Amino acid sequence: MFTGTNEQINRASLQADEQPAVHCVTGQEPVLHLSQTLIALSARCGQPGAMNDIAYFLTKPGALPRIPNLLLVARTAELDWNSPKPEDLMGALLIFEQNICGIGVGAFATNDRSGRSTLIAMAQDRSRVVALVSRALLKRGAHLILMSFRAGDGAGSGTTPLLEAAKQGTEVARWAQRKRTIPGYLPLSKTFDSTVAKIGQRTRSNLRYYRRRAEADLGCVFLPQIEATREEVLRFNRQCMYAVPASVAGWRYDSLKDLCEPVFMGIKGRDGQWLSMLGGRRYGDRSEILWQMNRNSHATSSLGTVMRSYYIEHEIAHGSRRMYIEGGTPHPIKFSFVPEELTDLVVMRRTLTAKAMHLAARRWIEPDNELSHMLDAKDLEWQPC
């Protein structure tokens, strides 16, 4: 189990039999201190924007309080861990330890379902980095490790094991991996018409039809940059379908100020009332929807579709070439997304504590989280490590 408070940096690098060295930075502020290094590292590793808004993922509400842990993998043990240079790092993993009453319990899980902001490394190094950080967490007392990440060349493939099997009689844990495909992003062309032309016929028609209908029936007006107050957002949330707790709605509003390039847009009716609000972010030529709220008094108007129609058109004009939706979407537009491959890894220590965590996992992982489903999968091939 990790020791120390949330604001401490554990300065002890692993002096184990495996190299490169692995170092853990624990706590929100120490991790944020390295944000510029992480941004540069992600660009260097061909993952532009992956760490641009790390504060968003550090503060994202969860079922239980979590302690962020950033594991840095260095090419050499001789490194200034307070100010590491991107070129001296092989990779990094952002993972969260569940804690009770401020004490870490040794259960770790990644917080980004897309896997884009979890593991940073060159494609050919990712399997090695995953192995190193997994071993490092076990050496520090982890009982359960769950992570989803974007694999690189050979990482997570059916023929390349992520963790090497331990010698008989020396294993301390067991592990399993799987690969799955998720809807990645919607490619954006240079115009709205050319973009939606590549979308399924019914979804394409709905994007146009419901927008025209909202403009005619509701006097819908699109506002690409809104100045709503926190209280206004909280009040609107209470009037929306699938309203979230006030604490989550407040966090959504507050987190916008920490984004490198925030998106905060909405639509109003002719009576001046909000119909929909959308929060997101931009990085490079990519745009991502982080959350959306739609008024519940117009269920037949498909306000979510209307808002996305405006959003797509606006982001194309802004120069975006990819549209992501954080956490995924049940909307049929997902069937027009470019598929991307994700690797899931679970590591369980051979302890009663780990078994208890396995049984209780659905209490601290959201029910629709694929990692929690993986724990119950019957077809996993477990291997010792």
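Ser302 lies in the loop between β11 (286-294) and α9, where helices (H or I, at least four residues) and strands (E, at least two) are DSSP runs numbered from the N terminus. Although Ser302 is not a glycine, its phi is positive, at about 50°. Ser302 is partly exposed, with a relative accessible area of 23%; buried means under 20% relative accessible area, exposed over 50%, and partly exposed in between, with a 1.4 Å probe and protein chains only.

The model is predicted, so that local features need pLDDT of at least 70 and side-chain atom pairs count only at pLDDT 80 or more, while totals for chains, interfaces and linings use all residues. Residues are numbered from 1 along each chain as its sequence is written, and side-chain values use heavy atoms, with hydrogens and water left out.

A positive phi, near 55°, is also found in Tyr242, a residue other than glycine. Tyr242 is placed in the loop between α7 (230-238) and α8 (246-255), and Tyr242 is exposed, with a relative accessible area of 79%.

Helix α6 (residues 201-217) has 17 residues and spans 24 Å from its first C-alpha to its last, close to the expected 24 Å at 1.5 Å a residue, the expectation being 1.5 Å times one less than the number of residues. Its buried residues are Thr203, Leu207, Tyr210, Arg211 and Ala214. Seen down the axis of α6, these buried residues fall within an arc of 100°, so they line one face of the helix; the arc is that of the directions from the helix axis to the C-beta atoms. The cover over the buried residues of α6 includes α5 (192-196) and α9 (303-318), contact meaning heavy atoms within 4.5 Å. The face turned away from the buried side of α6 carries the exposed residues Gln201, Arg202, Arg212 and Ala216.

Seven aromatic pairs are found in the whole structure. In one of them, the rings of Tyr56 and Phe57 have their centres 5.3 Å apart and their planes at 85°, so the pair is edge-to-face. Rings of Phe, Tyr and Trp (its six-membered ring) pair if their centres lie within 6.5 Å, with planes under 30 degrees apart counted as stacked, over 60 as edge-to-face and the rest as tilted. Ring pairs link Tyr56, Phe57 and Trp251 into a cluster.

Charges over rings are listed below; NZ of Lys or CZ of Arg must be within 6 Å of the ring centre and within 35 degrees of the ring normal.

| Charged residue | Ring | Distance from ring centre |
|---|---|---|
| Arg174 | Trp382 | 4.0 Å |
| Lys268 | Trp274 | 4.6 Å |
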